[in-house]
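Visitor: Hi! Could you walk me through the charged pairs in this one?
Guide: Happy to, here it comes.

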Amino acid sequence: MAIDMTQFYQVFFDESAEHLANMEALLLELDISDPDPEQLNAIFRAAHSIKGSAGTFGFSDLADTTHILENLLDRIRKQELSLREEMVDAFLETGDLLKAMLEAHQGHGEVGPASVVDICERLKALSAEQKNLDGINSGSENILPEKVSGTEDADEELKLRCYDVQFVPNSASLLNGGVASLISELTAIGNIEIVSQPHEAGEAAGVWHLKLRTSCSAKDFSEQIDFVADSGAWRVTDESIKSADDDCFGLFDDLDDSNGLSLEQESYGLFSDDGGTTDLDLTVVEEGDGAYGFFVESMQVGGSKPCEVDQGIGYGFFDAEDAFEPVEANALTGKNGDDEARGFGFFVPIPEPAETESNQRVGSQVVERIKVSLETVDSSVDQKPTATTAERKSARSALAAVAASGDSSIRVSVEKVDQLINLVGELVITQAMLLQTASQVPQGTLEGLVNGLAQLERNTRDLQESVMSIRMMPISFVFSRFPRVVRDLSGKLGKQVELKTSGETTELDKGLIERIADPLTHLIRNSLDHGIESPERRVVAGKSPVGTITLKAYHQGGNIVIEVGDDGAGLHRAKILSKARERGMQVSDQMTDFEVFNLIFEAGFSTADEITDVSGRGVGMDVVRRNIQSMGGRVEIDSMQGVGTRITVRLPLTLAILDGMSVAVGDQTYILPLSYVIESLQPAVGEIKTLSNQARVIQVRGEYLPVVVLHEMFGLKSKWKNLTQGIMVVLEADGMKAALFVDALVGQHQVVIKSLEANYRRVPGISGATIMGDGHVALILDVSSIAEMAKASVHKAA
Amino acid sequence: MELKSVQSAGVASDDEQVSSEYLTFTLGNEEYAIDILKVQEIRGYETPTLIANAPIFIKGVINLRGTIVPIIDLRIKFGLGGVEYTPFTVVVILNVAGRVVGVVVDSVSDVISLVPGQIRPAPDFSSTFDTKYIVGLVSLAQRMLIVTDIERLMTSADMELIEQIGH
């Protein structure tokens, strides 16, 4: 049955991206010297999930790379390898590469094959390096008695693995003696035993069945086999390592070939001895295709409790309560069909789904076997108890992960949500229109209608609010990328920096989330590069050598406030002033700190003495400010020399709705974003003065504010002849105040912001448009640019 | 043969017989034809919201069922026809280059079918209406239709509708 897989691609992309992000976050949290096994498991799971679904969807490049990554992770997880800094680096880079691959599959950018090979080689090298080390310490079991179970097996597994190899040679290789050369190649890397071979070799295609004992990984020789047999016509099964790639999250480690179980594919009972095995085993039988796991757990050595049979649902989750003292498990896993067909992982499928009843039977068999094997068990026993706590812990973490992944959320495309929001916006407008019409009807005549409309108003508001909340996402989506940024950059700059975040759950609009990421990254890079001093200088200054960058998000009024703070050197006022003079900017020593610090937001302004590849070119802060302003936000800067700098970004809760004040100018209505309005007043005669008879200023509470006459700026006709007849609205933007002259204040509304640029273009002084209750369009004033114009006019006059 | 190939160089010979539909409208005494697939709807004129400091032919923006749509008066742009706004003034809402734009014209006449062969290249002369937006001329009975590439016209720098790069 052919299912069009492409319809699920988007889900795969989304999920994989999530897994990658999760993996990265976990990697960054890892304590290199003492990694938490739960975290390692979680990282492994993330890689494994990506591999699994990449294989299913046929993205073999992703699956292959993840497979290598997973192998190395698996070995670290099992403490075969100790985690090192460069491994984390390699993992992070692999993560980046995988991300790039995902994007490439989605049609953005390309991934050079060279970089893939490069990373794979690095991972393999990291894996191999330690292998050699282990080879030297072949007696590592004695050295590491505290390891979790499976370590000993793993060590041995390095030395020898047992593979079950089956293949049907293709006709070309039959003619050229490919089989013979394959066998000689395999003999070169290990010990082979021909279990069965076609009766008339060379004549017709027949099944070859070999057993290979080698220290090489299956990857190393599977290519040769692939060369001899057509793809799909060969199978390599690692009989000594099976749980590594299974879906039971590696709670149970496998046994090496000497005391492991080998799976006879044909045997229904699933257990057979591999010749004189002495084992305590706990067997995991996985159903071949459904990936539902049936776990059969055995009890503690020496215990006499009966074997527990758990039927796991989903990917072999088991009950933590029931997972009492698992000693060792041998997981024989049938991977799901797709994987197998593609040759990822080397597993023998178990075609017969294990039924619960048969499992019970299997369980009792296990008990039998354990009883027998107990007698033969010796030295390995004393290691077991130490393993159990770790396993329990990881069992719990597995459960936690299940709970997290199964939370009640759905994936919906943004377009659908936006459409919903637009419709609700329309509904709000229609409702306002109806209300207005109804209010013109003489009182009392249609009381029922008016009441109904009032009800409708409340309902539409509620509806709008809940629809808007769909777009809300926690800011942790942005914050989660910064640990990586800080880690990479502090390493590069030779600084020690700790990133502290708070308020990750603060929610803001998805549109804002996407757009705030770049400015915030820039601010953090700046803090790292210019703010935090080198460890030596920090020590000299009497501070801890480790600098701190704090990232905070919280709600304040109708705004989201994001603070980026550092305990670094702070801004150097005099330096900024002198740089500003150098650049010919109009500055004076009388300027407040606030005004001086705001200079760093000017285009091309940089106080860095040298340009590094991190920053210093002076592009950046102006872009940051422009970006934040384009979102309707503001950015402020506080700094104290030697103590630190704090940059505060204020954003509206959403991009789509704004609290506005409508003002009338001539026959037009404009909307002023309420967040900029400080007060409004009617100017008295004589309060308005002129500068050089051009620019006007007004004195408000002892301050002279530049006056912007809106109807003059927009070429409209005011209904007043004299400025004292209208209203002055005092606005504050970018730390600058100005008085805006309008004819009258009309009212206060929540308005749905519509883009003017969608069909038209940017208009100076206008930030957007909205639709009023009567269906007319009202333009939203861009207060920052108006304040800018006011400043410019005063400068010109002065 | 020689002659024919020269003639058909300007107009695609392959689909000479495939007709397309055009909407015709008048501006003053001139009659224009535009590709009907670019037309979204035709509606009456309503007073738009002024856009400050916009060119005089940009009348402002209207609310078209929740979308903000700029309105251009082609009569002003080309200096043709009487510029007055009555309930009968027609606005053709166009969908060009992924944008929705309304243009005010004197009147909409009809929808006609034209095959490419009917469209003759326009003589090259400079006028207010730059010939680069003219696909060609069509004569139908006594009428001369100016077939216009409305998308090209609307997205051109002349219309000041779209922010130009480097602007």
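Guide: We'll chat about salt bridges. This is a predicted model, where local features need pLDDT of at least 70, side-chain atom pairs count only at pLDDT 80 or more, and totals for chains, interfaces and linings use all residues. Residues are numbered from 1 along each chain as its sequence is written, chains are lettered from A and ligands numbered from 1 in the order in which they are written, and side-chain values use heavy atoms, with hydrogens and water left out.

Visitor: How many salt bridges does the structure hold over all chains?
Guide: There are 27. A salt bridge means a side-chain nitrogen of Lys or Arg within 4 Å of a carboxyl oxygen of Asp or Glu.

Visitor: Which residue forms a salt bridge with B:Glu31?
Guide: That's B:Arg143, with the closest N and O atoms 2.5 Å apart. B:Glu31 sits in strand E2 and B:Arg143 in strand E10 of chain B, so the pair ties together parts 112 residues apart in sequence. Strands (E, at least two residues) and helices (H or I, at least four) are DSSP runs numbered from the N terminus.

Visitor: And is B:Glu31 buried or exposed?
Guide: Buried, at 11% relative accessibility. Buried means under 20% relative accessible area, exposed over 50%, and partly exposed in between (1.4 Å probe, protein chains only). B:Arg143 is partly exposed at 29%.

Visitor: Switching to chain A, what does A:Glu533 meet in a salt bridge?
Guide: A:Lys543, at 2.9 Å from N to O. A:Glu533 counts as buried at 7%, and A:Lys543 counts as buried at 18%.
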